[in-house]
Amino acid sequence: MVELVKQLNFFVALILGIAYAYQLIFVLIGLWQRKRHREPEAARLHKFAVVVCARNEQAVIGELIESLNRQKYPKELLDLYVVADNCTDDTAAAARAAGAHVYERFNQEKVGKGYALDYFFKRLYREKPQAGYEGYFVFDADNIVDENFVAEMNRTFDKGDLDAITCYR
């Protein structure tokens with residue numbers, strides 16, 4: 001009986017070993033291909049604005065803005081905006097303290113991100129018609145962004161005439 005259990009354990013270990021070795025092969029191929037195929041650098045750096053619509057996000061808004069401030073991208077080409085939408089907490093103050101331009105919006109009839117974005121863009125185009133933004137990033141307040149995000153999005157944006165780019169977050 002003990003011999004049968006040993007053989008069964010060996011068989012199970014062999015099957016699991018083959019399964020993991022199979023996955024390891026794909027990992028190694030992926031790492032090798034990654035080193036061989038490098039994306040070309042962007043021909044130029046574009047000017048972007050980050051837009052965050054936040055409602056009562058005082059607890060998390062600072063972390064998002066800090067992650068955006070740590071971007072490996074020229075600071076003069078990235079502006080951070082927060083629309084504090086119908087907030088009853090200190091979201092606006094926390095966003096300002098972290099370094100964002102803050103627009104406060106109070107409208108109890110038109111509530112939600114779509115209305116907040118509409119408000120923001122109308123006000124931005126009215127107040128800063130020559131801002132020169134070539135693209136916009138829209139985040140939720142509870143996101144945290146990798147330090148290479150904007151540089152990678154700039155590389156993709158620079159490839160051609162695109163109407164929209166989306167990414168996995």
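Modeller: Lys-122 counts as exposed, at 52% relative accessibility. Here exposed means over 50% relative accessible area, buried means under 20%, and partly exposed is in between, with a 1.4 Å probe and protein chains only. This is a predicted model, in which local features need pLDDT of at least 70 and side-chain atom pairs count only at pLDDT 80 or more, while totals for chains, interfaces and linings use all residues. Residues are numbered from 1 along each chain as its sequence is written, and side-chain values use heavy atoms, with hydrogens and water left out.

The side chain of Lys-122 meets that of Asp-118 in a salt bridge, 3.1 Å from N to O. A salt bridge is a side-chain nitrogen of Lys or Arg within 4 Å of a carboxyl oxygen of Asp or Glu. Side chains of opposite charge can pair when their charged atoms come close. Asp-118 is partly exposed, at 37% relative accessibility. Lys-122 and Asp-118 both sit in helix α4, four residues apart, which is about one turn of the helix. Helices (H or I, at least four residues) and strands (E, at least two) are DSSP runs, numbered from the N terminus.

Helix α4 covers residues 113-127. Next come the aromatic residues. Phe-120 is buried, with a relative accessible area of 0%. Phe-120 belongs to one aromatic cluster with Tyr-81, Tyr-103, Phe-121, Tyr-125, Tyr-133 and Tyr-136. The whole structure has 14 aromatic pairs. The ring centres of Phe-120 and Phe-121 are 5.0 Å apart and their planes lie at 70°, so this pair is edge-to-face. Rings of Phe, Tyr and Trp (its six-membered ring) pair if their centres lie within 6.5 Å; planes under 30 degrees apart count as stacked, over 60 as edge-to-face and the rest as tilted.

Back to charge: a search of the whole structure finds eight salt bridges. One of them joins Arg-44 to Glu-134, with the closest N and O atoms 2.4 Å apart. Arg-44 lies in the loop between α1 and β1 and Glu-134 in the loop between α4 and β4, so the pair ties together parts that are 90 residues apart in sequence. Arg-44 is partly exposed at 43% relative accessibility, and Glu-134 is partly exposed as well, at 31%.

Another salt bridge is formed by Glu-147 and Lys-72, at 3.2 Å from N to O. This pair also links distant parts of the chain: Glu-147 is in the loop between β4 and α5 (149-157), and Lys-72 is in the loop between α2 and β2, 75 residues apart. Glu-147 is partly exposed at 36%, whereas Lys-72 is exposed at 52% relative accessibility.

Helix α2 (residues 58-69) has twelve residues and reaches 17 Å from its first C-alpha to its last, close to the expected 16 Å. The expected span is 1.5 Å times one less than the number of residues. Buried residues of α2 include Ile-61, Leu-64 and Leu-68. Their cover includes β4 (135-140) and β2 (78-85), where contact means heavy atoms within 4.5 Å. In the loop between β1 and α2 lies Asn-56. Asn-56 has a positive phi of about 55° although it is not a glycine, and Asn-56 is partly exposed, at 32%.
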